[in-house]
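Subject: Structure for you to look at

Hello,

Please find the structure below, with its sequence. My notes on it follow.

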Amino acid sequence: MAMTTKTQKLIEPSDLTAIHFQCKHCSAALSVTLHKGTARIPDACPSCNATWFDPEELTKSTLKEFIEAHRRLLSDLPRAIAVRIELAPDVE
Ligand SMILES: [Zn+2]
């Protein structure tokens, strides 16, 4: 295995706390807390009412699956190993 001087930025699953949404029309922002399971994700911007999720697209259900998978992961982490998520090197 090669030596590396790269600094790995690792986070634990519990370090993920919320998904942040920002409206591209009016810049209004909303954080949906991950721990609340399938938290309410609005279909439209609470500020300007722009459509955030087209019912024809799968984006919102994919996000809900992500939130649910994260919740299941937190409650079912393996005991023998630490599971961490690596961030891209340019993430501050
Ligand atoms: Zn908006």
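In this predicted model, strand β2 (residues 18-22) pairs with strand β3 (residues 29-33) in the antiparallel sense, over five bridges. Within this pair, Ala-18 stands opposite Thr-33 in β3.

The two strands form a hairpin with six residues between them. Ser-27 lies in that loop between β2 and β3. Its phi is positive, at about 70°, although Ser-27 is not a glycine. For background, most residues other than glycine have a negative phi. Is Ser-27 buried or exposed? Ser-27 counts as exposed, because it has 10 C-beta neighbours inside 10 Å, and a residue with 12 or fewer is called exposed.

Asn-49 also deserves a look. Asn-49 has a positive phi of about 70° and is not a glycine either. Where is it found? Asn-49 sits in the loop between β3 and α1 (59-75). Asn-49 has 13 C-beta neighbours inside 10 Å, so it counts as partly exposed.

Now the chain as a whole. The protein chain has one helix and four strands, and from the N terminus on the elements run β-β-β-α-β. Of its 92 residues, 1% count as buried. Among contacts between residues at least 6 apart in sequence, 47% join residues at least 24 apart.

When you open the model, you could start with the hairpin of β2 and β3 and find Ser-27 there, then go on to Asn-49 in the loop between β3 and α1.

Regards

How values were computed
Residues are numbered from 1 along each chain as its sequence is written. This is a predicted model: local features need pLDDT of at least 70, side-chain atom pairs count only at pLDDT 80 or more; totals for chains, interfaces and linings use all residues. A residue is buried if 20 or more other C-beta atoms lie within 10 Å of its own, exposed if 12 or fewer, and partly exposed in between; C-beta atoms are placed from the backbone. Two residues are in contact if their C-beta atoms, placed from the backbone, lie within 7 Å. Two strands pair if DSSP finds at least two bridges between them.
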